Structure formats: structure tokens, C-alpha cells
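Dear colleague,

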Amino acid sequence: MFELIRANRRKTVVVLLLLGLLLVGVGGAMGIVLDPTLALLGAAGALGLWLILLLVSFSSGEAMLLRQAGAREVQHGDAPQLLNLVEEMQIASGLPVPPRVYLIDDPAPNAFAVGRKPERACVAVTTGLVARLSRDELQGVIAHEVAHIANRDTLVMTLAGTTLGAIVMLCDLYVRSLRFRAPSSRRSSRDNQGGAAVLMLLAVLMSVLAPLLAQLLYFACSRKREYLADACAAQFTRYPEGLASALEKISGHPSGELAASRVLAPLYIVPPLAAAGKSSGWFSTHPPTQERIKILRGMAGGSLRDYDQAFRAARGAASPLPAAEVAAAPALALRGTRPAAEPPPIPPAWRAARGALHDAEGAHAIDCPCGARLRIPPGLGLAMLKCPRCGHEHRTQAT
């Protein structure tokens with residue numbers, strides 16, 4: 001799992017650098033539109049805006065997102081089963097502390113996780129999710145969200161969302177600035193006019209394409225991390241059918257379109273802003289839900305290697321899991337296929353005390369050829385008694 005986290009951190013740096021370059025480019029394009037000599041000033045201003053938004057995200061990003069979703073924190077007496085499931089998955093994932101749990105009053109079943117580090121992480125679920133899912137299904141959803149926290153996905157999604165918001169904000173300012181831009185190029189020569197026109201065209205293209213490219217990076221990053229969280233959730237619970245059934249119920253619920261903003265939409269386990277299961281385009285925030293269900297139900301075990309094999313069978317391509325992590329993954333049997341554990345042996349002292357009590361009650365013993373000793377209480381009223389271990393029938397002393 002450490003290799004998975006390191007790979008996520010490397011990808012986080014790359015994505016944030018690309019988004020930062022786009023943001024600086026938009027700022028420079030805005031400066032060119034206002035005046036060709038203001039390109040550096042525009043880029044510096046965009047960078048400054050980005051740093052301010054990042055500071056806000058680091059200081060109170062979780063509270064802002066939870067407030068925007070209308071979530072309230074769950075106390076121990078409110079939903080004990082939900083809190084127990086979060087603690088179980090915290091232990092299974094190796095997080096240092098259990099995430100705080102929040103409820104959203106909405107009938108549409110869904111959930112998301114936020115937090116720039118595990119010590120400040122939170123899991124938010126809707127009341128519809130708690131009401132409609134079984135314990136195994138709810139455990140699968142919680143495991144998925146805890147996996148996002150353990151893989152440090154919540155940090156990169158918060159920072160990427162902040163950068164995307166800054167790019168959209170600057171582009172909106174650019175559109176507004178066009179109305180008030182003075183036609184200073186009229187006083188320049190024809191050559192200057194031609195150069196200014198080229199710069200203007202490049203600035204317009206940058207301002208139009210940058211938000212689209214940033215959104216593609218943001219959404220593609222989100223889609224890949226959903227696969228990783230599904231794989232880790234199956235590993236934590238060893239019961240991928242629980243998450244698969246939960247995804248089926250969430251996507252098939254008639255009130256599945258949760259009232260969520262575009263900032264929160266990529267954080268949910270199933271996209272709340274589009275028809276569930278149909279988000280397969282470039283601008284979708286999640287992989288197709290039916291595809292995720294097919295992969296989970298194709299797992300032969302509960303390990304990352306089993307998820308990788310099921311992914312290859314369903315998609316015909318390599319999974320987004322790190323190859324080294326998959327190769328080193330231990331074999332984990334599914335929870336439903338493990339043999340039942342043998343009952344613990346009865347201590348000899350307990351056996352002797354129980355025999356003395358039976359003798360005091362007047363019970364008589366029958367020794368079965370399989371080694372079991374049957375104690376027949378007086379007044380049982382049965383002429384024949386079957387051994388519970390081997391099925392052999394014994395004649396009792398009943399008359």
C-alpha cells in the first residue's frame with residue numbers, strides 16, 4: 001500500500017504542476033488582452049490568487065466543503081452502526097485515527113470523503129444511504145471512502161479543485177474585461193497592430209482552452225482514483241459484492257441526482273449531477289458505474305491482484321494499480337468463501353463441572369462410537385436419540 005501512496009503523490013505533483021502552468025498561462029493571456037506589456041504582471045497575479053486559495057484550502061478546506069454540502073457531525077448516540085463501520089475500516093486500512101463522520105439530510109443515497117491529511121479526514125454520507133443499504137453494502141461504501149483517505153486522494157482532489165476554481169474565476173474575469181478594454185492598438189503602426197492581433201488571438205485561445213484542459217485533467221484524475229478506491233475497498237472488506245451491490249442501489253435509485261455543486265460532484269462515490277451509469281465521456285467525473293460493478297463481481301479473491309485480473313478481463317487493458325503493488329499483493333480469500341471456523345474446545349475443568357451438574361440432576365450418559373458422550377436428562381420421553389455429531393441413533397432409558 002505504501003507504493004500505491006507514493007505513486008499517488010508523484011501523480012499529484014504532476015497534475016498540480018500542469019494545472020498551475022495552465023493557471024499562470026491564463027493570467028498571462030489576460031495581461032496580453034489588456035496590454036501586451038502586462039503579460040508578466042497577469043501571470044504573477046494569477047499565481048498570487050492560486051497561493052491565496054491554496055492557503056484557504058489548507059486551513060479550512062474540509063469545513064468549507066462540508067458546510068457547502070449541508071452536513072452535520074454524527075455523535076456516538078446517533079448512528080452507532082455507522083460509527084462502528086468507520087472504526088472497522090480505519091483499522092483495516094491502517095489509518096492512525098478514525099475519520100469524523102457526517103450526515104447529509106438527503107434521500108438520495110451517496111457519500112464522499114474530504115481531508116488534506118488522515119488526522120483531519122471526514123466521511124460524509126446521506127441519510128438515504130444509511131436507510132437503504134444493508135450492513136455489508138454500507139461497509140463497502142465506507143471502505144471506498146476510507147480508501148480515498150488512505151491513498152491521499154482527498155488531498156489532491158481538494159488542491160486540484162481549488163486550482164480549477166481559480167482558472168474558471170480568471171477566465172470569467174477575462175470575459176468581463178473585454179467589455180471595458182480600450183482600443184489602444186489603433187494608435188500603433190500596422191506592424192504593431194498585426195502583432196497585437198496575433199497576441200489577442202493566442203490570448204483568446206488560451207482563455208477558452210485552458211478551462212477545458214484543466215477540467216479534463218481534474219476529471220481524468222478523479223476517474224483513475226475511483227478504480228483505486230474500489231480495489232482497496234475490496235481488499236479491506238474481502239467482500240467486493242458488498243460494494244458492487246451498494247453501487248447498484250445508488251445508481252438505480254430514482255432520486256439519485258443529489259443536489260450537489262460542480263466542486264463537490266467529483267468527490268461523491270457515484271456522480272450526482274448526471275444520470276448514473278452513463279458518465280463515460282471525457283468530461284465525466286467517474287468511470288461508468290456498471291463497469292465498476294462488473295469488475296468487482298469478477299474478482300476471484302479480495303486482493304489487489306484479483307482486482308487487477310478482473311479489471312483486465314472487463315476492460316482488456318492494464319488496471320491503474322501500480323504493477324509492483326499488484327505483484328506483491330498477498331492472496332486474500334473472499335469473506336463469503338472462507339470455511340467456517342471450528343468451535344473452540346471446551347476446557348477439561350468446565351467439562352468436569354458440567355458432568356457433575358448433570359449427575360446431580362439424575363442424567364445418564366451414553367457413549368457414542370464417534371467419541372461423543374450424550375447426557376440424557378430424566379423425563380426426556382424419547383425412546384431413540386440421534387447423535388448430533390455422527391447421526392447414529394441410540395436407545396434411551398425412556399419407557
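Predicted model: local features only at pLDDT ≥ 70, side-chain atom pairs only at ≥ 80, totals over all residues.

I begin with the cores. The largest nonpolar core holds 51 residues. Those that touch the most other members are Leu-82, Val-125, Leu-129, Val-141, Ile-142, Leu-296 and Tyr-307. Setting aside neighbours within four places in sequence, Ile-142 is in contact with Leu-82, Leu-85, Val-86, Met-89, Val-123 and Val-125. Another core, of 15 residues, lies apart from the largest one and includes Ala-69, Ala-71, Phe-112 and Val-114. In soluble globular proteins, nonpolar side chains tend to be buried together.

Arg-292 belongs to helix α9, which spans residues 289-297. Is Arg-292 buried or exposed? Arg-292 counts as buried because its relative accessible area is 0%, and the cut-off for buried is under 20%. Beyond neighbours within four places in sequence, Arg-292 is in contact with His-144, Glu-226, Tyr-227, Asp-230, Leu-247, Ile-269, His-286 and Pro-287.

The last item is the hairpin formed by β5 and β6, with five residues between the two strands. In its turn, Gly-371 has a positive phi of about 105°. Strand β5 covers residues 364-367, and strand β6 covers residues 373-376. The two pair in the antiparallel sense over four bridges, with Ala-365 opposite Arg-375 in β6. On β5, His-364 and Ile-366 make up the covered face, whereas Ala-365 and Asp-367 make up the uncovered one. In a regular strand the side chains alternate between the two faces of the sheet.

With kind regards

Technical notes: Residues numbered from 1 in each chain as written. Heavy atoms only, no water. Core = buried A, V, L, I, M, F, W, Y, C linked by side-chain atoms within 4.5 Å. Buried < 20%, exposed > 50% of the residue type's maximum accessible area, 1.4 Å probe, protein only. Contact = heavy atoms within 4.5 Å. Pairing = 2+ DSSP bridges.
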